[in-house]
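Hello,

Here is the structure I promised to pass on to you.

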Amino acid sequence: MYDYRSQVTFDDDATKREISRTNASADRRPTSISPGALAIDDVDGDEYDDREEKSEEEEAEEEDEESVGPIEITGAILGQIERELCVVRLAWPDITREDRRGKNLPASYRSTSDKEKLLLWYAENFRRQYRALYPDRKPPLLARDNECGTQKFVSTTIRRSTLPYPELYNWQGCLKFVSDYLTYETPRDPILMPDRLCSPTRVLQRQKGNSFEFATVLCSLLLGQGYNAYVVSGYASREQVQCDRTRQACPHLPKQEEREPVKQPSDTYIYRMKPPPDMRSKFVLEMEARERRKQEDDLRRQEEERDRMILELERSPQDDYWGHRVHAWVILLPDEHGVRRDEIAEPIFLECTSGEYYFPADVQTNNLYLGVESAWNDQNYWVNMQICGDGCSFIDWDLFNISLWEHLLPGESALLREDEEEKTDKDFSVETDKHLDMPSSWVEQIEISSIAYERRYPGGSKIVLYKKAKVELYAPYVQRDGLIKKITLYEDYEYMSPIAVYETFANRADYLVKTLRNLDQETVVDCYDRGRPDACKEHRYFLSNASTNSETSLDYYDIVRLDGLARIEMHHLYLVQHFVNREDLLYYRYVQYSSERTTSVIEEYQRVLWKITEKYHRNESVPASKDIAIREFAIGDNEIRLKYHYERGKGTRATRTFIKPLPSDRGDRLIFNPDMTTGYNPDPMAPSEKSLTLYYELHRQLRDEEMCRTLIATAEDEVKTFLRGRSFEYSLPTLKVSLFDRNRNEDAKAGMFARDEALRAQSKREVVKEMDYLGPYLARLGNPEYLSKAEALQLQEHCLTDFKQKLVDRANSILEAFEKSSQELKQKQHLHTQHFLLSNRSVNLLGRMKKSSRTR
């Protein structure tokens, strides 16, 4: 490309030649203007000398078009031509157009400075030379009208800004914020450049914009955070230009927890037994294998046919404008000398409309981004000189390589290029000052209020459609139940048959954060955050039966609970409890109920206990034959069965069975008969158990059974209380407000204002003038100028009398307060004594339980 920065003159003939050349060029782009619509002759006349011979069909088409007659050139047609050619207007009228939108904007929005005019002259010169050298390429977008109708250079529309929100301190947060905060407007004509480029402040105010405005806002925020960001103008696929994600898998789905595979124990045996001989018929085995392979082949063929049909159904229709749809996005490039040099190691494409990012080397990126025309930031403008036949994967993003990228302004490129000859030039710094640099941005600093930032989405909500999924996003406190995200999965592509729903909540008073609903299996999982009084973590139940007596499962934060309960599963026929890190080493309890039910006085069904099974971990401080592993309270069979842990090297373990005495035989003293118990010990040399030891063991087990029944009844009441409270929380959800929420915490605001008022009142009291203590007494005497001896003695007597009365009143008030405090102290001491006695009883009870569990 030759030097376009030299002094040139612009006339109307050059414009006419350019328009005529554009209409006559063999451009593959579709256009709404028919050939021959403009009757403007070429001035040079040299472009049509080498015209190829036309066929009879083409000549017939030209004759038909000529028979229609010339089309009148209107302002709309000229505007479309100007928009397609990206012409930079070089006329700046003194009278500016005033409208309601631009009346309150700064003067920089409505006027053009002398430096901006010079830059636009540079841009138009650059565009004409580029058009002359590359007539088949789309002209670069250099300038566009802003919201006030004033033509501005695209680089000056970028304004480096920093917002005071921690989420926007990295590029991921900036990308997500721009995609959520703005609504994308699809282009009316996808092959033409946009007819406007509003300022970032206007775009954020409207919360709408095209892809170029999206990219300008995001680039402004990224540059303010120190990233090496650029706006890229190029070509993209239809789905990317229209922001159509209906053929893309939903990225918001919760990740499935990967379970570690169970490691099989290695076979370390040296000697192995020979397997028994196989007496089956080999012919039968071969026929079975052949039939099995045939079934597998049929199944695989059906799956392949099903996958092919799904792929054919999901395949997008043919795009007539493939490779010509104009689009803009943002690219992050590595910067060796920047503050973010350790964070960005390779180029990254940022799609502002969807909030997704891609790497140019990926195959998926080549299917979405088809070519690059130009790139710019607030310092310079570059045009891509590389061929994009294979997409964007082979593009070299070294913008300062003049053989690959042509820049508009020469100063920045010359400063950053590693040219040794220029470095040794003595007048290098003087010459670079002669070049035109980029004017400062005409846009005001970007500012977003905390309320607008919190509402996030336009109108407080946003809906995004993916393949067989619909995502609904809400701002905090917009929904009554605190819902901020709802993902609905569908079985069909028309979003008619839902199969699962994932909901995310925030600021719930009941600490509910997530709900997973499987509509096919009719199961629901409610997830809670830490902070609930019952320490509930997850609640699983069925949609069809959500009453207090239905099947349900509760997971707890075991580290918070004193009993170490991790999970409880409740069914109308059983109850299961799982424990973690208990001192008595209990980790499992299974309660089996009888199928028969009784009705209490309050007409509530009561389940009848049939059997209680408890499992314990190994206690190394107790011999294995004395350490209980499984304990069963067979209430229906009137027995207590004990199974002890296995000893090392033993194939069997010790057991003990007690037949419980009748309640009438217990009384104050338990009557024990040796025939009431049977036991087994794998050690034949072990001494037999004494009757007294068995008596104490039976007494301990009967006491533990009663305690176990009480704990089970407490667990049932806890589950029922939770289910009743959950139904109330679902019907009347309440949201909590953080203490640091300055937009909603009215109590904090009132307290702050009250403190300010108190400080102001205190400051006023400190400025009060000195008080005259004898003033009231002198007023009684008429404020005489001089006092006689009698008047002075009378004044003294009044002062002493009032002072004594004041001391008496103070003593009485102190005595009254003392008596009141004494009464309160006595009441608190009485309550403390009662609480201490109850605590001692509970501690003694727990001590006896631990002692009995250790001596089993």
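In what order do the seven strands of the open sheet lie? The order is β8-β7-β6-β5-β9-β10-β11, and the pairing is antiparallel. Before I go on, please keep in mind that this is a predicted model, in which local features need pLDDT of at least 70, side-chain atom pairs count only at pLDDT 80 or more, and totals for chains, interfaces and linings use all residues. Residues are numbered from 1 along each chain as its sequence is written, and side-chain values use heavy atoms, with hydrogens and water left out.

Back to the sheet. Its edge strands are β8 (356-358) and β11 (405-407), each of which pairs on one side only. Strands here are DSSP runs of E with at least two residues, helices are runs of H or I with at least four, and both are numbered from the N terminus; two strands pair if DSSP finds at least two bridges between them. Neighbouring strands of the sheet are turned by 35 degrees against each other on average, direction ignored. Within it, β5 (229-236) and β9 (369-376) run antiparallel and are joined by six bridges, with Ala236 opposite Tyr369 in β9. Helix α6 (171-181) lies across β6 (326-332), β7 (348-351) and β8, at about 25 degrees to β7. For such angles, axes are lines fitted to C-alpha atoms (for helices over the stretch in contact), and values run from 0 to 180 degrees between N-to-C directions.

There is also some pairing further along the chain. Glu472 has Lys486 in β14 as its bridge partner, while Lys485 stands opposite Thr504 in β15.

Finally, Gly459 sits in the loop between α15 (450-455) and β12 (461-466), and is exposed, with a relative accessible area of 61%.

Best wishes

Definitions and conventions. Buried means under 20% relative accessible area, exposed over 50%, partly exposed in between (1.4 Å probe, protein chains only). Contact means heavy atoms within 4.5 Å.
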